[in-house]
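Subject: Structure for you to look at

Dear colleague,

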Amino acid sequence: EQDPRAIAVDTYTATHLHNDTALNKALNHCISNSADNGLRDIAVFPAFGKFLMLQARLARASHILEVGLLGGYSTIWMAFANPEVKITTLEIDEHAAEVAKKNFEVAGVASRIEVLVGTALDILPTLEKEIQEGKREKYGLAFIDADKENNWSYFDYAAKMSAGTGSVIVVDNVVRAGAVADEEEAKKDERVAGTRKVIENAGRDGRVDATVVQTVGEKSYDGFLLAYVK
Ligand code: SAM
């Protein structure tokens with residue numbers, strides 16, 4: 001059950017704080033075109049999109065990595081962090097990737113977004129190799145929002161490919177309506193197990209300092225992990 005007060009707060013605050021007309025137009029088109037093309041309504045909520053955009057600015061990210069594109073809603077938010085930022089985004093679903101590319105064209109950001117279609121775990125080693133060979137820039141911000149079972153592997157790649165001190169890694173949906181704190185749930189649900197793994201490993205990982213923030217509002221009770229690269 002969603003708390004109507006939390007939804008009212010999202011609406012009220014967005015009315016005052018999310019007032020970039022061009023961005024709102026691009027996001028509204030993205031939502032309607034994605035729905036018209038049968039994509040699931042599982043994009044981040046608006047305040048979280050704006051949070052990602054502000055993280056990109058705070059981290060002064062020139063290059064962003066996204067794992068889990070869908071229709072490109074979160075990608076458009078991050079692309080509006082500044083007019084130069086470049087995004088590499090990974091998606092397993094070819095149809096979703098095509099819809100996203102159209103959404104990027106309408107948003108006017110297509111030239112700055114590299115869409116790579118395939119299994120993220122197949123693509124990430126290539127990106128890492130290209131970075132090592134100096135053929136690709138490191139990432140100041142990484143946003144992980146795909147299959148939760150592989151959260152730790154994605155996080156590990158993001159840390160290896162980060163632009164160094166001050167870079168940020170965000171992992172979405174880590175609270176799972178509270179299931180993350182329940183060891184029994186982890187035995188039954190691989191997504192919960194994958195989420196616990198990224199939290200526990202991040203806590204032991206000397207490369208990062210991290211926290212989990214719980215969220216309420218338009219989407220159900222959930223939360224995200226925010227990691228600072230040391
Ligand atoms: N970040 C998007 C947004 O907020 O607008 C939402 C992403 S959606 C929650 C998760 C996406 O990850 C889906 O489109 C799904 O097809 C994709 N995905 C799932 N498993 C994947 C994998 N192994 N490799 C790449 N993408 C994957």
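Before the first helix pair, one definition is needed: the axes are lines fitted to C-alpha atoms, for helices over the stretch in contact, and the angles run from 0 to 180 degrees between N-to-C directions. Please also bear in mind throughout that this is a predicted model.

With that in hand, begin with helix α2 (residues 21-36) and helix α5 (residues 94-107), whose axes lie 9 Å apart and which pack at an angle of about 155°. Because angles over 145 degrees count as roughly antiparallel, α2 is roughly antiparallel to α5. The crossing in which α2 passes α5 is right-handed. On the α2 side the contact is made by Ala26, His29, Cys30, Asn33 and Ser34, while α5 brings Val99, Lys102, Asn103, Val106 and Ala107. Sorted by class, this contact of α2 with α5 holds five nonpolar, four polar and one charged residues.

The next pair is helix α6 (residues 120-132) with α7, where the axes come within 10 Å and cross at roughly 15°. Since angles under 35 degrees count as roughly parallel, α6 and α7 are roughly parallel to each other, and their crossing is left-handed. Ala120, Leu121, Leu124 and Glu128 of α6 make the contact with Ser153, Tyr154, Tyr157 and Lys160 of α7. By class, the residues of this contact divide into five nonpolar, one polar and two charged.

Helix α7 (residues 151-160) has a further partner in α9, and here the axes come within 7 Å and cross at roughly 35°. From α7, the residues Asn151, Trp152 and Phe155 meet Gly194, Thr195, Lys197, Val198, Asn201 and Ala202 in α9. The contact of α7 with α9 divides into four nonpolar, four polar and one charged residues.

Helix α9 also leads us to the sheet, for α9 (residues 190-204) lies across β5 (168-172), β6 and β7 (222-229), and runs at about 30° to β7. The sheet itself is open and has seven strands, in the order β3-β2-β1-β4-β5-β7-β6, with mixed pairing. Its edge strands, each of which pairs on one side only, are β3 (113-117) and β6 (208-215). From one strand to the next, the twist averages 15°.

Strand β1 (residues 63-67) and strand β2 (residues 86-91) run parallel and are joined by five bridges, and isoleucine 64 has isoleucine 87 in β2 as its bridge partner. By contrast, β5 and β7 pair in the antiparallel sense over five bridges, with valine 171 standing opposite leucine 225 in β7. The pairing of β6 and β7 is also in the antiparallel sense, over eight bridges, and there valine 208 has valine 229 in β7 as its bridge partner.

Finally, which residues come nearest to the ligand? Of the 17 residues around the ligand, these are Ala43, Gly68, Tyr73, Ser74 and Ala120. The elements that give two or more residues to this shell are α4 (73-79) and β2. By class, the shell has 10 nonpolar, three polar and four charged residues.

Technical notes. Residues are numbered from 1 along each chain as its sequence is written. This is a predicted model: local features need pLDDT of at least 70, side-chain atom pairs count only at pLDDT 80 or more; totals for chains, interfaces and linings use all residues. Two strands pair if DSSP finds at least two bridges between them. Helices (H or I, at least four residues) and strands (E, at least two) are DSSP runs, numbered from the N terminus. Two residues are in contact if their C-beta atoms, placed from the backbone, lie within 7 Å. A residue is near a molecule or strand if its C-beta atom, placed from the backbone, lies within 6 Å of it. Ala, Val, Leu, Ile, Met, Phe, Trp, Tyr, Cys and Pro count as nonpolar, Asp, Glu, Lys and Arg as charged, and the others, Gly among them, as polar. Angles under 35 degrees count as roughly parallel, over 145 as roughly antiparallel, 65 to 115 as roughly perpendicular and the rest as oblique. A crossing is left-handed if the near helix is turned anticlockwise from the far one by less than a right angle, and right-handed if clockwise.
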